[in-house]
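Subject: Structure handover

Hello,

Here is the structure you are taking over. Please open it first, and then read the notes below with it on screen.

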Amino acid sequence: MRIRAIALLAAVVASVPALTGTASADINAPYARAAAKVAANGTLVDAKNVTRSERFNGQPAGYYCVQVSDPTIDLRNAAVLGTVNNNRAMITVIPNTNCNGLTRSLTVVTTDSNNASVDVPFTVVVL
């Protein structure tokens, strides 16, 4: 009985995916060319065709960079949308060629109702 319990426990542990620091590629955005969910600290939570996200170096709270991984996406001509997650804040998304050293990237700025920059989780989508 003990051997069966150990074998069952081993099977359960083996079936659980390993947790890593990278985002999973299962964000539900079937019609987007790229999408990312980002935590308030800049960590990439979930992504589709996004390599990384980070807080903008040397800037106050609320400044982020999100790097799109697909080189065929021309951010200069793409429709880009952003929304804050579970917060009352505003978001500005600016496509550019270089954000904090990241090419093919989006600069994201989040602010509160007083226009002060604040760290909040957000989602960005490139259509």
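Let us start at one residue. Thr111 touches Ala89, Met90, Ala116, Ser117 and Val118, leaving out residues up to four places away in sequence. Thr111 belongs to strand S7. Its relative accessible area is 11%, and the cut-off for buried is under 20%, so Thr111 counts as buried. Please keep in mind that this is a predicted model, and the values in this email are computed from it.

Next, the sheet. Four strands make up an open sheet, and their order is S2-S1-S8-S5. The pairing is antiparallel. As background, strands of a sheet pair through backbone hydrogen bonds, either parallel or antiparallel. Which strands stand at the edges? They are S2 (44–48) and S5 (80–84). Each has a single partner strand, so one side of each is left without a neighbour in the sheet. From one strand to the next, the twist averages 10°. Strand S1 (residues 34–38) is joined to S2 by four bridges, and the two run antiparallel. In this pairing, Val38 is opposite Leu44 of S2.

Then the interior. In soluble globular proteins, nonpolar side chains tend to be buried together. The largest nonpolar core here has 19 residues, and the members that touch the most others are Val66, Leu106, Val108, Val124 and Val126. Two or more residues of this core come from each of S1, S2, S4 (63–68), S7 (102–111) and S8 (122–126).

Last, the cysteines. How many disulfides does the structure hold? It holds one. The disulfide is formed by Cys65 and Cys99, with sulfur atoms 1.9 Å apart. The angle about the S-S bond is -70°, and the link of Cys65 and Cys99 is left-handed. The pair links distant parts of the chain: Cys65 is in strand S4 and Cys99 in strand S6 (residues 90–99), 34 residues apart. Are these cysteines buried or exposed? Cys65 has a relative accessible area of 0% and is therefore buried. Cys99 is also at 0%, so Cys99 counts as buried.

Regards

Definitions and conventions
Residues numbered from 1 in each chain as written. Predicted model: local features only at pLDDT ≥ 70, side-chain atom pairs only at ≥ 80, totals over all residues. Heavy atoms only, no water. Pairing = 2+ DSSP bridges. Axes fitted to C-alpha atoms, helices over the stretch in contact; angles between N-to-C directions. Core = buried A, V, L, I, M, F, W, Y, C linked by side-chain atoms within 4.5 Å. Buried < 20%, exposed > 50% of the residue type's maximum accessible area, 1.4 Å probe, protein only. Disulfide = S-S within 2.5 Å. Contact = heavy atoms within 4.5 Å.
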